[in-house]
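Student: Hi, could you walk me through this model?
Tutor: Happy to, let's look at it together.

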Amino acid sequence: STMKSEDSYTVPGKDELKPLPFQYINLGEMMTLGTEDATISSMGIVELNGVGASVLRRLIYAVRMPTVQQALTAALSSS
């Protein structure tokens with residue numbers, strides 16, 4: 001059965017929802033090695049170390065944050 005949410009949209013009931021099949025894609029790893037040093041290894045294609053990896057790691061985390069506030073915090077973080 002369907003239910004009405006507070007803003008009058010019809011949402012499926014819990015019995016109608018089907019979970020998506022699990023999918024895992026190994027995109028590589030990122031590791032902080034101090035406040036301004038990091039390493040990134042991605043799918044055997046990209047290998048990056050040092051300050052550039054640290055900046056890129058922060059930007060990647062920022063892009064994946066759900067809110068602008070969290071994205072800015074991640075991008076400007078020094079660790």
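Tutor: What follows is a short chat about the fold, the sheet, a few residues and the surface.

Student: What should I know before reading the values?
Tutor: This is a predicted model, where local features need pLDDT of at least 70, side-chain atom pairs count only at pLDDT 80 or more, and totals for chains, interfaces and linings use all residues. Residues are numbered from 1 along each chain as its sequence is written, and side-chain values use heavy atoms, with hydrogens and water left out.

Student: Okay, how many helices and strands are there in the protein chain?
Tutor: The protein chain has two helices and five strands, arranged β-β-β-β-β-α-α from the N terminus on. Both kinds of element are DSSP runs, numbered from the N terminus: helices are H or I with at least four residues, strands are E with at least two.

Student: Which strands form the open sheet?
Tutor: Three strands do, in the order 3-4-5, with antiparallel pairing. Strand 3 and strand 5 (46-50) are at the edges with a single partner strand each, so one side of each has no neighbour in the sheet. From one strand to the next, the twist averages 0°; axes here are lines fitted to C-alpha atoms, for helices over the stretch in contact, and angles run from 0 to 180 degrees between N-to-C directions.

Student: And how many bridges are there in each pairing?
Tutor: Strand 3 (residues 29-32) and strand 4 (residues 38-42) pair over four bridges, while strand 4 and strand 5 pair over five bridges. Two strands count as paired if DSSP finds at least two bridges between them.

Student: What stands opposite I40?
Tutor: M30 stands opposite I40 in strand 4, and I40 also stands opposite L48 in strand 5.

Student: Nice. Which residue takes a positive phi in the hairpin of strand 3 and strand 4?
Tutor: That is G34, with phi near 130°, in a hairpin that has five residues between the strands. M43 also has a positive phi, of about 50°, although M43 is not a glycine.

Student: Where is M43, and is it buried or exposed?
Tutor: M43 is in the loop between strand 4 and strand 5. M43 is exposed, at a relative accessible area of 53%; buried means under 20% relative accessible area, exposed over 50%, and partly exposed in between (1.4 Å probe, protein chains only).

Student: Changing topic: where does helix 1 lie?
Tutor: Helix 1 (residues 51-63) lies across strand 3, strand 4 and strand 5, and runs at about 110° to strand 5.

Student: What about S54, buried or exposed?
Tutor: S54, found in helix 1, counts as buried at 2% relative accessibility. Leaving aside neighbours within four places in sequence, S54 is in contact (heavy atoms within 4.5 Å) with T35, E36, D37 and A38.

Student: And how much of the protein chain counts as buried?
Tutor: Of its 79 residues, 16% count as buried. The protein chain exposes about 6,600 Å², with carbon and sulfur atoms supplying 61% of it; accessible areas come from the Shrake-Rupley method with a 1.4 Å probe, and for residues only the protein chains shown count as cover.

Student: Last one: what supplies the largest share of the nonpolar patch?
Tutor: Helix 1 does, with five residues. L56, in helix 1, is partly exposed at 34% relative accessibility.
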